[in-house]
Amino acid sequence: MPTYLMLTNLTAEGLRTLKNNPGRSAEVNKEVEQMGGKVVAQYATLGDYDFVTVIEAPDEKTMAKISVELGSRGTMTSRTLTAMSAADLSDAI
């Protein structure tokens, strides 16, 4: 299944939501599954992004749906990258 990296920054509203409901990210991960994706790993990070999330989705359409749905809420902005394992890269070369 294709793998995607979602690099996320929370908006001021998103920070308030997370502060008031620290379990919110787990709730969002369940919503991603309901939209057809699977959160493989998620990291809170310091630096340019607040979260890095590894998501598997069957195709780009599903990942686009997830990105648009989450972004439309006004609590975060994101960049989504297609990823492949180093082994897959080696096979492609």
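## Exercises on a predicted model

The 9 positive and 12 negative charges of the protein have mean positions 8 Å apart; here Lys and Arg count as positive, Asp and Glu as negative, with His and the chain ends not counted, and each charge is placed at NZ of Lys, CZ of Arg, CG of Asp or CD of Glu. This is a predicted model, in which local features need pLDDT of at least 70 and side-chain atom pairs count only at pLDDT 80 or more, while totals for chains, interfaces and linings use all residues. Residues are numbered from 1 along each chain as its sequence is written, and side-chain values use heavy atoms, with hydrogens and water left out.

### Exercise 1: the overall fold

Find which pattern of helices and strands the protein follows along the sequence.

*Solution.* 
- Start with the inventory: there are 4 helices and 4 strands, where helices (H or I, at least four residues) and strands (E, at least two) are DSSP runs numbered from the N terminus.
- Now read along the sequence, and the pattern is β-α-α-β-β-α-β-α.
- Then check the size: the radius of gyration is 14 Å, close to the 12 Å of the globule rule for 93 residues, so the protein is as compact as a globular protein of that length. This radius is taken over C-alpha atoms, and the rule is 2.2 Å times the number of residues to the power 0.38.

### Exercise 2: following Met 76

Is Met 76 buried or exposed, and which residues does Met 76 touch?

*Solution.* 
- Locate Met 76 in strand S4 (residues 76-83).
- Its relative accessibility is 10%, so Met 76 counts as buried.
- Beyond four places in sequence, its contacts (heavy atoms within 4.5 Å) include Met 6, Asn 9 and Leu 70.
- Asn 9 is 67 residues away in sequence, yet the C-alpha atoms of Met 76 and Asn 9 are 5.5 Å apart.
- Turn to Leu 70: besides Met 76, Leu 70 is in contact with Met 6, Val 28, Val 32 and Met 35, leaving aside neighbours within four places.

Note on methods. Buried < 20%, exposed > 50% of the residue type's maximum accessible area, 1.4 Å probe, protein only.
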